[in-house]
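The sequence and the model are shown first, and the description follows.

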Amino acid sequence: MLLGIHDQFRAASAQLMRFVAQANAPATERLFAQLANVLHHHHHAEEDMLFPLVHRRTGVAPAQLQTDHDEMTAAISQVERALDASHGVGEAITAFHDILIAHLDREEALVMQVLLEVPPDELWA
């Protein structure tokens, strides 16, 4: 499931980049609002459930992933400010996109191996 939602985030972010290139402000605003909302809830779920699991299984807290979430929250705020001002949207979306993709790559590299090794009953405990 994690890879599936991450693929959807990548696709939505790529579509945002296309909307920006097309100067399609209404579509950019709609898609970004939806993506930001889903990311907000997704990150809270990861921080509450997934990151503690990674810490228990590896003995190492995924500090970089938490830092990534904080950076993404700041990037989301920057995009929202740019959209409100109708200025700098392309730069803000590009920065958001770059942070998101780098984070997804890092998270998958760390978390997927842990998830593959966890017995199913521990995942749902």
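The model under discussion is a predicted one.

**Overall architecture**

The protein contains 5 helices and 0 strands, and its pattern along the sequence reads α-α-α-α-α. The C-alpha trace extends over about 45 × 25 × 20 Å along its principal axes. Of the 125 residues, 37% count as buried. Among contacts with a separation of 6 or more, 73% are made by residues 24 or more positions apart.

The accessible surface amounts to about 7,100 Å², and carbon and sulfur atoms contribute 58% of it. As for charge, there are 7 positive and 18 negative side chains, and the centres of these two sets are 3 Å apart.

**The two ends of helix 2**

At the start of helix 2, a side-chain oxygen of Asn24 comes to within 3.1 Å of the backbone nitrogen of Ala27. After the helix comes Gly59, which has a positive phi, near 80 degrees.

**Two loop residues with positive phi**

Ala23 has a positive phi of about 55 degrees, although it is not a glycine. This residue is located in the loop between helix 1 (2-21) and helix 2. Ser86, likewise not a glycine, also has a positive phi of about 55 degrees. Its position is in the loop that lies between helix 3 (63-85) and helix 4 (89-117).

Are Ala23 and Ser86 buried or exposed? Ala23 has a relative accessible area of 65%, which is over 50%, and therefore counts as exposed. Ser86, at 64%, is exposed because its value is also over 50%.

Leu31 belongs to helix 2. Its relative accessible area is 16%, under the 20% limit, so Leu31 counts as buried. Which residues does Leu31 touch, not counting those up to four places away in sequence? They are Ala12, Gln15, Leu16 and Phe19.

Apart from residues up to four places away in sequence, His55 touches Val60 and Ala61. His55 and Val114 are 59 residues apart in sequence, while their C-alpha atoms are 9.8 Å apart in space.

His97 is part of helix 4. This histidine counts as buried because its relative accessibility of 17% is under 20%. When neighbours within four places in sequence are left aside, His97 is in contact with Ser13, Ala14 and Met17.

The accessibility values of the residues discussed above are collected below.

| Residue | Relative accessible area | Class |
|---|---|---|
| Leu31 | 16% | buried |
| His97 | 17% | buried |
| Ser86 | 64% | exposed |
| Ala23 | 65% | exposed |

Technical notes. Residues are numbered from 1 along each chain as its sequence is written. This is a predicted model: local features need pLDDT of at least 70, side-chain atom pairs count only at pLDDT 80 or more; totals for chains, interfaces and linings use all residues. Side-chain values use heavy atoms; hydrogens and water are left out. A polar contact is a pair of N or O atoms within 3.5 Å; within protein, one must be able to donate a hydrogen and the other to accept it, and residues adjacent in sequence count only if both atoms are side-chain atoms. Helices (H or I, at least four residues) and strands (E, at least two) are DSSP runs, numbered from the N terminus. Buried means under 20% relative accessible area, exposed over 50%, partly exposed in between (1.4 Å probe, protein chains only). Contact means heavy atoms within 4.5 Å. Accessible areas come from the Shrake-Rupley method with a 1.4 Å probe; for residues, only the protein chains shown count as cover. Lys and Arg count as positive and Asp and Glu as negative; His and the chain ends are not counted. The place of a charge is taken as NZ of Lys, CZ of Arg, CG of Asp or CD of Glu.
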